Amino acid sequence: MRRHMLVGGAARRLIGPFLGSPEGRPFPPNNNNNPFERSLRQLSGAGALPQLTKDRYPQVKRRDFAELNEKHLGYFKNLLGENRVITDKDECQGFNIDWLKSVRGYSQCILKPKTTQEVSEILKFCNDNRIAVCPQGGNTGLVGGSVPVFDEVVLWTGLMNDIISLDENSGVLVCQSGCILENLENFADERDLMIPLDLGAKGSCHIGGNISTNAGGLRLLRYGNLHGSVLGVEAVKADGEVIDCTSALKKDNTGYHLKHLFIGSEGTLGVVTKVAIQCPPKPRALNVAFLGLESFDDVLACLRQAKRQLGEILSSCELIDNPSLDAVTSHLNLKSPISVYPFYMLIETHGSSCDHDEEKMHGFLESCMSDGLVRDGTTTNEIGKMKAIWELRESITEGLLHDGYVFKYDISLPTREFYSLVPVMRERVKDAVRVCGYGHLGDGNIHLQVTLKEFNEEVLRIIEPFIYEYTAKLRGSVSAEHGVGFRKPKYIHYSKSPGAINLMKQLKVMMDPKGILNPYKVIP
Ligand code: FAD
Ligand code: 2HG
Ligand code: ZN
């Protein structure tokens, strides 16, 4: 066994504020190196357009919504002004195609409101005139929920980007829903706070999109999910009524907790316009370890040790298998700091004392190595090195796209079974370019991916519904964090009881009786 741990040693110690330093932040990527921007650039290449959704999925029929006419456009232009109503075909294109280039609508109208009042008036008009609406934030969603299926009007929140207030005593930040997550992170950082959510799409995704998908991200293990950290939401119902649940209180049991209806409902119950979010203090000490392991049993033992020995400072525990890492080293030319192993673990701590945390991290690594669980690894608290390690993890989604077409699954399984589906799937899909798994081990959420040179319906039938049946047998979730969107409504019964699905349908009918909000999504 090789031991070349870079434990502390030359690593520079981090004291005091560090996230805002110009030389870099520990959480990549930044706007210039952002996968979304790169993917959009590829999109502009000839022949890169995905098939229209209506052609790829002919079984989904357009519902009886109005076709947009001059009178409708006139109303929108009068309300928002010419510049905030986009009808140019080329300009509309980017709003019609999802990040994965897996679905494509043909909306001819993109609306760009700036205020809650404008959102309210748009929705009231659409509801009265039976015009279907697709709410869109950063368009980084991975289940086809953020773009129109047919010709739904796109309501884009990108101009609703005001930060309204930050209470530095309570840490509660209030902002409009179109704020880009990374901008909020920078804003909080300058005030010694952090946003309790971080994900690879941070340079593009909006906080309203994050809330509408109940995004999980890389540190859910430590900071919990948005149902806990979002204290208040303002949303507009399909009929234009503004529902103000923007209480910024940690405790408020006055009746039903209605904000939760909008967290994770993927734009089907209302358009989120404002958010109050609890920001924890920025950690003073950070450590990241990148470890190589021989077997999944060793991975599980290492997870148990991490929880036991790192305790309250453990902020992330991610698993990457070798084919997943290969997607970023071979396609994106990123370098792994250690040699090749079947499994890698990325373990991070957030704490308040460098000495204390470093000591804990060393103790943990020493015991993992002496038990023979970890074969090789590196640990660091240098910003640049931590950033490079995180970049390996956060770039996998983008790296896989370079294989061609990606069938993407986002599954919760009992931890013991976390990786069991990957070898099974490898056996089933013999012609795949790659079958791999990575993700949030600490939360029991694996991202299983099957890549092909191009979309192939036969392969799709080999994977689905098998993968969902397998997950259901283990009482897992068929959508752990990305949501249901357009891709999965017909599979949610694998994870939700008939009674629960029925209640979802009743809520939808009550809140959006004409079904204008994000139709064809989420509800089976
Ligand atoms: P969009 O993609 O624009 O929309 C997503 C859904 O929310 C759609 O159904 C849309 O209609 C609805 N919506 C958007 N804004 C509003 C609004 N204001 N009101 C009502 N409905 C709205 N997800 C995770 O959970 N964890 C991760 O770690 C993660 N990592 C990612 C990494 C990469 C590289 C990429 C490309 C994606 C990743 N995602 C991840 C998925 C995606 O980024 C998240 O789902 C994100 O929260 C979507 O935000 P968005 O602003 O891009 O929303
Ligand atoms: C992540 O954890 C995201 O990196 C994206 O949730 C996962 O690409 C995926 O499937
Ligand atoms: Zn994820």
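**Notebook: the two ligand sites**

I sorted the shell around ligand 1 by class and got 9 nonpolar, 22 polar and 2 charged residues. Gly counts as polar here, and Tyr as nonpolar. The model is predicted: local features need pLDDT of at least 70, side-chain atom pairs need 80 or more, and totals for linings use all residues. Residues are numbered from 1 along each chain as its sequence is written, and ligands from 1 in the order in which they are written.

**Ligand 1**

I listed 33 residues around ligand 1, taking those with a heavy atom within 4 Å. Pro-135, Gly-137, Thr-140, Gly-141 and His-206 come nearest. I then looked for polar contacts (N or O pairs within 3.5 Å). A polar backbone atom of Asn-139 is 2.8 Å from an oxygen atom of ligand 1. A polar side-chain atom of Ser-212 lies 3.1 Å from a nitrogen atom of the ligand. Alone, ligand 1 exposes 980 Å², and the protein buries 97% of that (Shrake-Rupley, 1.4 Å probe). Which element gives the largest share of the shell? I found α7, with 5 residues.

**Ligand 2**

I found Leu-142, Arg-393 and Lys-408 among the residues around ligand 2. Three side chains put a polar atom by a ligand oxygen: Glu-481 at 2.7 Å, Tyr-438 at 2.8 Å and Gln-449 at 2.9 Å. Ligand 2 taken alone exposes 290 Å², of which the protein buries 89%. β15 (434–440) and β16 (445–452) each give two or more residues to this shell. By class, I noted 2 nonpolar, 5 polar and 3 charged residues around ligand 2.

Terms used: Heavy atoms only, no water. Polar contact = N/O pair within 3.5 Å; in protein donor to acceptor, adjacent residues only side chain to side chain. Helix = DSSP H or I, 4+ residues; strand = E, 2+ residues; numbered from the N terminus.
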